[in-house]
Amino acid sequence: MKDELKIRVVKGPDGVEFEVEPLRDYYCEAPPTVMPGAYISIVEDLFNWARSESIWILGFGTGCGAIEMRPLMTPRFDAYRFGVQWRPTPRQANLLMISGYLSTKTLKRAIRSYEQMQSPKYVVGLGSCTINGGMYWDSYNTIKRLDDYLPVDLYIAGCMPRPEALLAGFQDIKKMIRAGKCEGANRYAENFDWYKANQKRVIHDWDMPDYSW
Amino acid sequence: MRELHSRLKQLFPLGELTEQRPDLTFVTVPQEHLRSVLLHLRDREGFTHLILLTAVDWIEEERFQLTYLLSDRLQQRTVGLRVMIQRDNATMQSIHDVWPTAATYQRELREMFGIAFPGSPRIDDEFILEGWNDIPPYRRDFDTLKYSEANYSDRPGRITHDPAEHMKQQLYPNGK
């Protein structure tokens, strides 16, 4: 075995020594926990106001709806004026847009991305495919109900919804966040076993750890 | 294209000829002669480009039809070679050494139709599907609706109307 693959003790920048095992996969083994609200409601309301004004979307397009999101980034529809912007990594995003049909293969990636996002986080399903399967109702490879697998806060109907519909959807989710109704991440944590069971029923080669960030 | 066909016919036993367009012709080739016809077309006739390799499931005749579509860019003509193979335990010789791109098509056919191509690179790796546990989904005896109903849950409330009946109800609610 090469030297760099052996278990060794490393001293961190803060002076604490810890053991590192290079061949082990390191990931968070703790399941997600419910995030309680602030100690008084007026503070929570302030937080929710702030959250509603900075919706950062994970740039993850799953279906044809990914095309509909592009005009929103351009001057014609300009979603940025509402405080909405797209981010390249799950760590920097708080809104996961499932933009259209979701094959089981993509579902696996979407779940991983969702779990890597930091709370508070929201999920919006775009188009009829995420609601009831849409035109993929008899497909062998696409899921029909998104809310079985991820906690969806808002659906935007259409096939595909126009950018205007998305802008209206952003306004709706802002109102919901401000009212404290977007508790999807907490719902996911509370019903974690149920969601995982549903996900495992359709993803047959479950080759990731149960809690995988 | 007629000329090409008559030249080929002197060299190989060929089957049925279909002239789709002036620049597009399909011809049936026996399975064992496919490789030599492909090499002849590629090296002597200038068909240097394999456009696609695909399959058709003729379930009633218990055959798979493989179609090798070749293109001659200079003379702007396309020829499709049809090969009929057995449907059960379907096996075909690989042509990845003639056109490396064929390996990708063959992986797709292996996964979607269950046609074996022994010797083709990475042929048994998963290509599009992950963890597939049923018969290959592009086979016609695979019931995609049944599979979907068994695996993916429905949202209640989705109904299908017969268009004629529905419009009759909409337009003439009193039954006139």
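Modeller: Leaving aside its neighbours within four places in sequence, A:Ile55 is in contact with A:Gly83, A:Val84, A:Gln85, A:Asn94, A:Leu95, A:Phe170, A:Ile173, A:Lys174 and A:Ile177; this, like everything that follows, is read from a predicted model. The residue belongs to strand β3 of chain A, which covers residues 55-58, and A:Ile55 counts as buried because its relative accessibility is 1%, where the cut-off for burial is under 20%. One of its contacts, A:Leu95, is 40 residues away in sequence, and yet the C-alpha atoms of A:Ile55 and A:Leu95 are 6.5 Å apart in space.

The chain around this position can be described briefly. Chain A has seven helices and seven strands, and from the N terminus on its elements follow the order β-β-α-β-α-β-β-α-β-α-β-α-α-α. Of its 213 residues, 47% count as buried, and its C-alpha atoms fill a box of roughly 55 × 50 × 35 Å along the principal axes. Among contacts in chain A between residues at least 6 apart in sequence, 73% join residues at least 24 apart, and the pair A:Ile55 and A:Leu95, at 40 residues apart, has such a separation.

Turning to the charged side chains, there are 24 salt bridges over all chains. In one of them the side chains of B:Glu130 and A:Lys108 meet at 3.4 Å, N to O. That pair crosses between chains, from the loop between α3 (102-112) and α4 (144-151) of chain B, where B:Glu130 lies, to helix α3 (residues 104-116) of chain A, which holds A:Lys108. Both B:Glu130 and A:Lys108 are buried. Another salt bridge joins A:Asp147 to A:Arg145 at 3.3 Å, N to O, and here too A:Asp147 and A:Arg145 are buried. Salt bridges that share partners also join A:Lys108, A:Arg109, A:Asp205 and B:Glu130 into one network. Within chain B, the side chains of B:Arg42 and B:Asp43 meet in a salt bridge at 3.1 Å, N to O, and B:Arg42 is partly exposed, with a relative accessible area of 26%.

As for the cysteines, the structure holds zero disulfides over all chains. A:Cys129 is buried, with a relative accessible area of 7%, whereas A:Cys159 is exposed, at 58%.

The nonpolar cores come next. In soluble globular proteins, nonpolar side chains tend to be buried together. Here the largest nonpolar core has 64 residues, and those with the most contacts inside it are B:Leu66, B:Tyr68, B:Leu81 and B:Ile115. Beyond four places in sequence, B:Ile115 is in contact with B:Ala55, B:Phe64, B:Leu66, B:Ile85, B:Ala90, B:Met92, B:Leu109 and B:Arg110. A second, separate core has 23 residues, including A:Met97, A:Leu126, A:Ile156 and A:Leu166.

A search of the whole structure finds three cavities of 30 Å³ or more, and the largest cavity has a volume of about 60 Å³. Its lining is made by residues from chains A and B, namely A:Thr104, A:Tyr140, A:Asn141, A:Val202, A:His204, B:Leu129, B:Glu130, B:Gly131, B:Trp132, B:Tyr147 and B:Tyr152.

The largest pocket has a volume of about 230 Å³. Its lining comprises 20 residues, of which A:Glu44, A:Arg51, A:Pro120, A:Glu183 and A:Asn186 lie nearest its centre. The elements that give two or more residues to this lining are α1 (41-53) and α6 (184-190) of chain A, and α1(A) gives the most, with four residues. A:Glu44 itself lies in helix α1 of chain A and, not counting residues up to four places away in sequence, touches A:Gly37, A:Ala38 and A:Arg51. Although A:Glu44 is among the residues nearest the pocket's centre, A:Glu44 counts as buried, because its relative accessibility of 17% is under the 20% cut-off.

Conventions: Residues numbered from 1 in each chain as written. Chains lettered and ligands numbered in written order. Predicted model: local features only at pLDDT ≥ 70, side-chain atom pairs only at ≥ 80, totals over all residues. Heavy atoms only, no water. Buried < 20%, exposed > 50% of the residue type's maximum accessible area, 1.4 Å probe, protein only. Contact = heavy atoms within 4.5 Å. Salt bridge = Lys/Arg side-chain N within 4 Å of Asp/Glu carboxyl O. Disulfide = S-S within 2.5 Å. Core = buried A, V, L, I, M, F, W, Y, C linked by side-chain atoms within 4.5 Å. 1 Å grid on protein atoms, 1.4 Å probe; cavity = no way out; pocket = protein on both sides within 12 Å on 5 of 7 lines; lining within 4 Å. Points joined across faces, edges and corners; volume = space filled by probe spheres on them.
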